[in-house]
Amino acid sequence: RDDDDINDVASMAGVNLNEESARIMATNSDLVGTQIQSCKDEPFLAAIPLHKRILETAKKLGITDVPAEVVTFISHATQNRLRTVIEKVTVITQHRMESYKDDEWYEQATDVRSQLKFFEQLERLEKQRKDEQEREILLKAAKSRSRQEDPEQARLKQKAKEMQQQELAQMRQRDANLTALAAIGPRKKRKLDAPGLLTIGGEGVGVCGGGQAGLGTASPRQYPRQKITRVNLRDFIFYMEQEREMSRSLLLYRALLK
């Protein structure tokens with residue numbers, strides 16, 4: 001008995017095994033009586049068509065038998081590969097959609113939109129100048145009273161007459177639009193929220209009819225919209241260009257030709 005007391009390390013350390021067992025059972029009481037088993041290994045791809053496809057490829061290489069474990073392994077490998085591709089393309093799409101305009105660590109070097117607007121304004125001014133020149137020529141031709149029967153002069157007069165009629169029609173249409181807008185009156189802005197419903201602290205407070213304030217029906221709980229990441233062909237092309245095994249593939253060249 002003395003030897004048992006000496007060899008009992010738990011009692012020498014002052015640990016009561018019964019109390020520790022009771023404490024462990026109380027902590028894991030929700031797991032007592034539960035049965036844990038592994039989930040069924042479900043393949044990602046349809047097993048029968050995939051097996052036929054593998055057998056067709058294997059027969060060309062002189063292999064006649066392909067076990068079911070190979071089909072399961074290839075199915076899981078396909079799932080893993082597809083998950084990796086989707087994750088990488090999603091990251092590329094998020095980088096493309098990310099805006100650094102309001103980031104204090106970045107400053108704008110070029111503004112392509114402003115440059116395009118400037119060129120469009122230049123083209124508009126050039127077109128306006130040419131139209132003014134053409135209009136002056138037509139007005140001079142319309143005012144000229146030469147007695148010579150010049151077909152070019154007659155054509156210019158006819159064109160000037162058509163231009164004046166078109167300008168007169170535009171002025172009439174503009175006056176009609178202004179008259180209609182004045183008759184309709186100022187447009188009222190549409191209220192986005194429900195009428196008479198205020199949101200205070202997440203609870204809806206309604207206003208009853210007759211000017212008396214009261215508690216209305218609480219607005220339905222609005223869940224945040226799930227952010228949708230839209231991947232386009234450019235993102236896939238960029239991904240394939242970065243991948244070593246796909247940077248020179250036929251699939252990449254076909255995607256670039258689309």
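The legends below describe views of a predicted model of one protein chain.

**View 1. Overall fold of the protein chain.** The chain contains nine helices and two strands. Read from the N terminus, the order of elements is α-α-α-α-α-α-α-β-β-α-α. Of its 258 residues, 10% count as buried. Among contacts between residues at least 6 apart in sequence, 41% join residues at least 24 apart.

**View 2. Packing of helix α4 against helix α5.** Helix α4 spans residues 47-60 and helix α5 residues 68-97. Their axes lie 10 Å apart and meet at an angle of about 105°. Because angles of 65 to 115 degrees count as roughly perpendicular, α4 is roughly perpendicular to α5. From α4, the contact uses Ala-47, Leu-50, His-51 and Ile-54. From α5, the contact uses Val-71, Ile-74 and Ser-75. By class, five of the residues in this contact are nonpolar and two are polar, with no charged residues.

View 3. The mean pLDDT of the chain is 77, and 73% of residues reach 70 or more. Among the elements, helix α8 (residues 233-242) has the highest mean pLDDT, 92. Strand β2 (residues 203-206) has the lowest, 43.

View 4. Where pLDDT is low, predicted coordinates should not be read in detail.

Methods:
Residues numbered from 1 in each chain as written. Predicted model: local features only at pLDDT ≥ 70, side-chain atom pairs only at ≥ 80, totals over all residues. Heavy atoms only, no water. pLDDT = per-residue confidence, 0-100. Helix = DSSP H or I, 4+ residues; strand = E, 2+ residues; numbered from the N terminus. Axes fitted to C-alpha atoms, helices over the stretch in contact; angles between N-to-C directions. Parallel < 35°, antiparallel > 145°, perpendicular 65-115°, else oblique. Contact = heavy atoms within 4.5 Å. Nonpolar A, V, L, I, M, F, W, Y, C, P; charged D, E, K, R; others polar. Buried < 20%, exposed > 50% of the residue type's maximum accessible area, 1.4 Å probe, protein only.
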